[in-house]
Amino acid sequence: MTTDLYRVLPEEMDELVIRLGQPRYRADQLLHALYQASPKNISELHQIPSEMQNALVAAGYTIGSKSEVQRVTSEDGDTTKLLIKFDDETQIETVLMQYNPSQNNKTHPRSTVCVSTQVGCPMGCVFCATGQMGFEKNLKAEEIVAQVLHFAHLLRQRGEHVTNLVFMGMGEPLANYSETILAIRLLTHPRAFGLGQRNITISTVGVIAGIDKLADEDIQVKLAISLHAPNDLLRKKLVPTAGPHSVEDLILAAKRYFKKTGRRVTFEYALIDGINDSNKAAAELAQLLKGNGAHVNLIPMNPTAGGFSRPARKRVLAFQQILRDGGVNCTVRVEKGSEISAACGQLRTDVIKNTTR
Ligand code: SAH
Ligand code: SF4
């Protein structure tokens, strides 16, 4: 039985170095080496003596291998998609989206990494490429952390860094709850990767028990709930596993999350031509959400194999206007990376093409 060093929290690292008969400051040296350099194995942890490296190996600690199989960058250079392979041959995709400084009034670009939490997804949303592949496995915390560190390493070479993290890649993060939370603890711990908790967004299709659990955690992440429909009849067609969770249940869960955490929830709504984009649907959604301070983020559908298409721009804007007129704060997602299949719901499509070629 081995343990990957990228799943050991700083407090546990303190105990570990003491157990190995080392002084406590070695824990910080180890953490620094893990999160600021990119060691491929324990012998590359140059900051610590070889005697301690050997003791770590003898105690069953490893650094799992992960290799970049493919890298694709969009024409404008703002979106990069990586295909990463882990020890067990699992391949997943992760995406970096950059917004130049003039767009966010900063001197450095906003660099958002979009991570996957599962290989495939058990939720089966009909418009999502990941959902249509079925479920293969939950990613481990170290495999989630690796996706961020891989981009951190690339950015470091350009004097930039990861500023934001969204759990909007492949899979349902709250269906892989404990590994997702452990990854967040490692990525936000000031002695590990040190990313600001408020710079992280978890997107969920609506695992209600997970939402309530998350509200009780001592982590300040933002929450987005993928709603996609103003009523149960339509939602169950799009999210077949919605099962007993009604639209109303989701809205109540969002209210509880806000009440407990003080952080407002965003509702994501993938707009699909002729399916959920009518004026009537917009009015029904406005009615449902008005007065509770919710924010709606419209995602014009990215084409996948399912035969669904995106509405015309005019329709998207009309839908947004109805929500705004109804008193609901509503934005349209800035689209990034669709030409390299790096947009929402398209991940993994090319992986399959590549592996079956
Ligand atoms: N499982 C989580 C997070 C990953 S999906 C969830 O469903 O929220 C991230 C977002 O991409 C979700 O809002 C999802 O509905 C959206 N999405 C999936 N497929 C899409 C597609 N083809 N076009 C646009 N958005 C899509
Ligand atoms: Fe899973 Fe999210 Fe895709 Fe639905 S939209 S199948 S929950 S990844």
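A helix here is a DSSP run of H or I at least four residues long, and helices are numbered from the N terminus. With that in hand, let's take a tour of this predicted model.

**Helix 9, end to end**

Helix 9 covers residues 247–261, which makes 15 residues. From its first C-alpha to its last it reaches 21 Å, close to the 21 Å expected at 1.5 Å a residue. Just past its end sits Gly262, with a positive phi of about 75°.

Which residues of helix 9 are buried? They are Val247, Leu250, Ile251, Ala253, Ala254, Tyr257 and Thr261. These residues cover an arc of only 160° around the axis, so they lie on the same side of helix 9. Here's the general idea behind that kind of pattern: an α-helix has 3.6 residues a turn, so residues three or four places apart point the same way.

What do the buried residues of helix 9 pack against? Their partners are helix 7 (208–216), strand 11 (222–226), helix 8 (232–238), strand 12 (266–271) and helix 10 (279–289).

| Pair | Axes come within | Crossing angle |
|---|---|---|
| Helix 7 and helix 9 | 9 Å | roughly 5° |
| Helix 2 and helix 5 | 9 Å | roughly 75° |

On the helix 7 side, the contact uses Ile208, Ile211, Asp212, Leu214, Ala215 and Asp216. They meet Asp249, Leu250, Ala253, Arg256, Tyr257, Lys260 and Thr261 in helix 9. Sorted by class, this contact has 7 nonpolar, 1 polar and 5 charged residues.

Now for helix 2 (residues 25–36) and helix 5 (residues 141–156). Angles of 65 to 115 degrees count as roughly perpendicular, so helix 2 and helix 5 are roughly perpendicular to each other. Leu34, Tyr35 and Gln36 of helix 2 meet Val145, Leu149 and Arg156 of helix 5. That contact splits into 4 nonpolar, 1 polar and 1 charged residues.

**One glutamine in helix 11**

Last stop: Gln320, which is found in helix 11 (residues 313–325). Is Gln320 buried or exposed? Its relative accessibility is 8%, so Gln320 counts as buried, the cut-off for buried being under 20%. Leaving aside residues up to four places away in sequence, Gln320 touches Leu298, Cys330, Thr331 and Val332.

Notes:
Residues are numbered from 1 along each chain as its sequence is written. Chains are lettered from A and ligands numbered from 1 in the order in which they are written. This is a predicted model: local features need pLDDT of at least 70, side-chain atom pairs count only at pLDDT 80 or more; totals for chains, interfaces and linings use all residues. Side-chain values use heavy atoms; hydrogens and water are left out. Helices (H or I, at least four residues) and strands (E, at least two) are DSSP runs, numbered from the N terminus. Buried means under 20% relative accessible area, exposed over 50%, partly exposed in between (1.4 Å probe, protein chains only). Contact means heavy atoms within 4.5 Å. Axes are lines fitted to C-alpha atoms, for helices over the stretch in contact, and angles run from 0 to 180 degrees between N-to-C directions. Angles under 35 degrees count as roughly parallel, over 145 as roughly antiparallel, 65 to 115 as roughly perpendicular and the rest as oblique. Ala, Val, Leu, Ile, Met, Phe, Trp, Tyr, Cys and Pro count as nonpolar, Asp, Glu, Lys and Arg as charged, and the others, Gly among them, as polar. The expected span of a helix is 1.5 Å times one less than its number of residues. The arc is that of the directions from the helix axis to the C-beta atoms.
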